[in-house]
Amino acid sequence: MDGSDDARDLADLLGLPQALPRRTPEVSPLLQTPPSVGPAPPSPMRWPALNSPESVPASGVSSSMADWPGVDEPAARRATAPGPTVVAVFSPKGGVGKTTVSIMLGAVLARRGRMANGGQVRVCLVDLDLFGDVGARLGKAVPTVLDLVRGHPSITPEDVERHLVEERSSGLRVLLAPVTPDAVNAAVLTPSVYRRIVETLSAWHDVVILDCGTELTDPVLTSYAIPSADRVLFVVNNEAATLAAARKALALMADKPMSVPMGRISLVLNQRADEVGIGDTDVLRSLPRVRRIAARFPDDRRLFVGSANQGRPILTSTDPVVRQGIADLVAAAVPDIHLVDLDVIVPAPAPKPLLARILARAAAHALRPS
Ligand SMILES: Nc1ncnc2c1ncn2[C@@H]1O[C@H](COP(=O)(O)OP(=O)(O)O)[C@@H](O)[C@H]1O
Ligand SMILES: [Mg+2]
């Protein structure tokens, strides 16, 4: 078999009409700055004054539910107010950036998002992936959703509130995945349990983000998260295997029983690498159900892995392409929310021994008498 046969096979796999060239000497559309996705005009970096609203107090953002507008609102007003936007972040492929995108979206919204009335956005991230690692990214291990469900069968708002952890630099609140992802624990975490938790969170949040696993055989995804979400952020990278899996997943999602309207799905192209043989047009041609790429993030291990290793979510970047990606991501997920001060770069603290802290906390939790 010669090289053109290989290329033809790849094109077949992706459903492309023609064989892909072995190398695509394509100039990145990001460098060409098309009007719809071009980076915002560069603006000077601003540094927040110590006591500006951008500065998070040393004690962190208050974690008391009573401090969150909405909790004390009269029931009648709450009942008429629209519920929160539920955003599921999904991909049938692991390692493409679902958790990265979930944390970045949540942290940016919590820190820089404003509602139409100017109020801060109350945002919660729920790690729906049994093998989820949101905690490991943020240097937190406990409490987890399992502590919530095991100890509090009625799942009241107060129960849920006590089991959220807070990421201090942004104020993002998170419900962590279990420390031990075994079958016994999985059996407790049913679609209706998660539905109940998210409905409960709705009482005092504007946005709930669901960081999903990869398996479309998981009932938590197929009977709850994906069909119920207001918006599904579907994350891919420009790799053939990811796009082949994405095609199949999109077909399953469109069909019964999930029946997700395609208009509810936004494509996020993450880890976008140049000159790897698959450009943006190829991505769209391989996913005919999707009309456009809603947001793009470059393959930048220094930025993304570096931020994960420091346990600090990305809140913006000096790279205008990443800033544009963040703005596009928010516009795709929650169009009614606007961002402020995306050009404010907060200096990163010295790296902390994140791994040591996570392992210590997980070990302490595992040894705790039940
Ligand atoms: N745009 C990016 N550029 C480079 N590395 C990235 C990017 N996005 C995510 N990563 C890294 O890729 C790995 C997988 O990301 P993750 O968010 O855990 O994927 P998933 O949740 O889909 O399994 C992590 O090491 C993460 O830091
Ligand atoms: Mg993940």
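Student: What is the strand order in the open sheet of 8 strands?
Tutor: The order is S4-S5-S3-S6-S1-S7-S8-S9, with mixed pairing. Strands here are DSSP E runs of at least two residues and helices are H or I runs of at least four, both numbered from the N terminus; two strands pair if DSSP finds at least two bridges between them.

Student: And which strands stand at the edges?
Tutor: Strand S4 (165-167) and strand S9 (293-298) do; each has a single partner strand, so one side of each has no neighbour in the sheet. On average, neighbouring strands are turned by 25° against each other, direction ignored. Such angles come from lines fitted to C-alpha atoms, for helices over the stretch in contact, and run from 0 to 180 degrees between N-to-C directions.

Student: Before we go on, where does this model come from, and how are things numbered?
Tutor: It's a predicted model: local features need pLDDT of at least 70, side-chain atom pairs count only at pLDDT 80 or more, and totals for chains, interfaces and linings use all residues. Residues are numbered from 1 along each chain as its sequence is written, while chains are lettered from A and ligands numbered from 1 in the order in which they are written.

Student: Thanks! Which strands does helix H10 touch when it packs on the sheet?
Tutor: Helix H10 (residues 219-228) touches strand S1 (85-90), strand S6 (207-211) and strand S7 (231-236), and its direction makes about 120° with that of S1. Contact means that the C-beta atoms of two residues, placed from the backbone, lie within 7 Å. Helix H14 (residues 320-333) lies across S1, S7, S8 and S9, at about 150° to S9.

Student: Switching to ligand 1: how many residues surround it?
Tutor: There are 17, and the closest are Gly97, Lys98, Thr99, Thr100 and Phe304. A residue counts as near if its C-beta atom, placed from the backbone, lies within 6 Å of the molecule.

Student: Is H4 enclosed or open to the outside?
Tutor: H4 is largely enclosed by the rest of the structure, because 15 of its 15 residues are buried. Buried means 20 or more other C-beta atoms within 10 Å of a residue's own, exposed means 12 or fewer, and partly exposed is in between, with C-beta atoms placed from the backbone.

Student: What does Val134 touch, leaving out residues up to four places away in sequence?
Tutor: Its contacts include Thr99, Ile103 and Val174. Val134 is found in helix H5 and is buried, with 25 other C-beta atoms within 10 Å.

Student: Is Ser259 buried or exposed?
Tutor: Ser259 is exposed, with 9 other C-beta atoms within 10 Å.
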